[in-house]
Amino acid sequence: MTNFAKLNQATGFQRSSTYDKQKVQPISTKVVKNDENSGDLSLASIASNLHDISTIVNTPIPSSDIAYSSWVVEHPSALGSFDRMMKAAKGKRIVVFLDYDGTLSPIVDDPDRAFMSNEMRAAVREVAKYFPTAVISGRSRDKVKGFVQLSNVYYAGSHGMDIMVPPKPLKPCDATNHVTATASALDKEGDMLFQPAKRFLPAIQEISIALEEIARKIEGARVEDNRFCISVHYRKVREEDYGILEEKVKSVIENYPDFHLTRGKKVLEIRPSIEWNKGHALEYLLDTLGFSNSGDVFPLYIGDDRTDEDAFKVIEARGQGFPIIVSSIPKDTKAAFSLHDPSEVLTFLLRLARWRKTSSSSRSLAQIWGPGNSHKANC
Ligand SMILES: [Mg+2]
């Protein structure tokens, strides 16, 4: 049995067991989660069905479940929509972009222990065999690379401000005045890097020291140096201390007008104010991979946080591709599709790799990737 077959067997391509066990399955699977088999998907129909099931099993269905089910109608499950998605992508080149925290790994209290499972790593490795694949994270590039530990994917850290460039000649990108080809350099391992915020490094180090000083005085606060941005984690900070922490962080940033504060999941992030985000990173990677003007490319982006919305917007503006949000609660998003949690991401990635493996059996990888990317076929 191949490793891939073992993986399939191990996961069984089943949906998240935890989620399914919590749900009244006939409704969430047949009516809501699997939009390809759905009949009447109106909100009234869903609410009515949920009410009927609730009556049958005599167990109240939480309003949060009903809200989620309604939200999924607007952002259908990428698992339930898989066949339709692949039909739309037929003959196109899918390029895969993946966020890390909350997408490939669970959100955990200790950011240093946000490990991805071996199953997830194997799934990403499989996907990267068949599609150009990049991980775009808010973490430092080195840290996310250390978590993922795969040599056949591209890495972009610091929300895309630190990109390990594919080994192809750089092309001009639609960059701002802050972002030019001079931002590229070789690192100590000889990789070509694109670092549009490099000039901010001295200030970032100063800010980092100031924030460390603050964090030392607030129990549970933790500063993470992401190289071109800084995270202040407060997942373990007492609720009554959060206001103090936020005020102190803001007071530091006030001294640095070239920086601003953003918020993620239980984290404050301090970033240089340049027009560069995960959406720009997605475009830049497509550009350097040779897909900038290709109408045939289908970017697929999976992410769970606000910073991923920038990439969703880019895909929406391109008019083709698959923006997929990972969320177990309803939220405003530009994503067209959804996955409930990282376990559904795992299932989706395995299915994607299996789909291409099956459909490519009569074609060479070079045909799939195009002439500029045949080097990846050996990864
Ligand atoms: Mg994330």
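1. Among contacts in the chain between residues at least 6 apart in sequence, 64% join residues at least 24 apart. Two residues are in contact here if their C-beta atoms, placed from the backbone, lie within 7 Å. The model is a predicted one: local features need pLDDT of at least 70, side-chain atom pairs count only at pLDDT 80 or more, and totals for chains, interfaces and linings use all residues. Residue numbers start from 1 along each chain as its sequence is written.

2. The chain has 14 helices and 13 strands. These are DSSP runs numbered from the N terminus, helices being H or I of at least four residues and strands E of at least two. Of the 379 residues, 45% count as buried. A residue is buried if 20 or more other C-beta atoms lie within 10 Å of its own, exposed if 12 or fewer, and partly exposed in between, with C-beta atoms placed from the backbone.

3. Helix H9 covers residues 201–216, which is 16 residues, and reaches 22 Å from its first C-alpha to its last, close to the 22 Å expected at 1.5 Å a residue. The expected span is 1.5 Å times one less than the number of residues. Its buried residues are Ile 204, Ile 207, Leu 211 and Ala 215. Seen down the axis of H9, the buried residues fall within an arc of 80°, so they line one face of the helix. The arc is that of the directions from the helix axis to the C-beta atoms. The face turned away from the buried side carries exposed Pro 202, Gln 205, Ile 209, Glu 213 and Arg 216.

4. What do the buried residues of H9 pack against? The partners are strand S7 (222–225), strand S8 (230–233), helix H10 (239–253), strand S9 (259–264) and strand S10 (267–272).

5. Helix H10 can be read in the same terms. Its 15 residues should span 21 Å at 1.5 Å a residue, and the end C-alpha atoms are 22 Å apart, which agrees. Leu 245, Val 249 and Val 252 are buried in H10. They cover an arc of only 55° around the axis, which puts them on the same side of H10. On the other side, Glu 240, Gly 243, Glu 247, Lys 250 and Ser 251 are exposed. The cover over the buried residues of H10 includes H9, S8, S9 and S10.

6. Ile 218 is found in the loop between H9 and S7 and is partly exposed, with 18 other C-beta atoms within 10 Å. The C-alpha atoms of Ile 218 and Leu 245 are separated by 7.1 Å, although the two residues are 27 residues apart along the chain. Not counting residues up to four places away in sequence, Ile 218 touches Val 237, Asp 241, Ile 244 and Leu 245. Leu 261, in strand S9, is partly exposed, with 15 other C-beta atoms within 10 Å. Leaving aside neighbours within four places in sequence, Leu 261 is in contact with Val 249, Lys 250, Ile 253, Leu 268 and Ile 270. Leu 261 and Val 249 are twelve residues apart in sequence and 8.8 Å apart in space, C-alpha to C-alpha.

7. Is helix H11 (residues 278–288) largely enclosed or exposed? Ten of its eleven residues are buried, so H11 is largely enclosed by the rest of the structure. The buried residues include Lys 278, His 280 and Glu 283 as well as Leu 282, Leu 285 and Leu 286. Just after H11, Gly 290 takes a positive phi of about 95°.

8. Gln 149 has a phi near 55° and lies in the loop between helix H8 (141–148) and strand S3 (154–157). With 12 C-beta neighbours inside 10 Å, Gln 149 counts as exposed. Lys 266 has a positive phi of about 55° and is found in the loop between S9 and S10. Lys 266 counts as partly exposed, with 16 C-beta neighbours inside 10 Å.

9. The axes of helix H7 (residues 118–130) and helix H13 (residues 342–359) come within 9 Å and cross at roughly 35°. Axes are lines fitted to C-alpha atoms, for helices over the stretch in contact, and angles run from 0 to 180 degrees between N-to-C directions.
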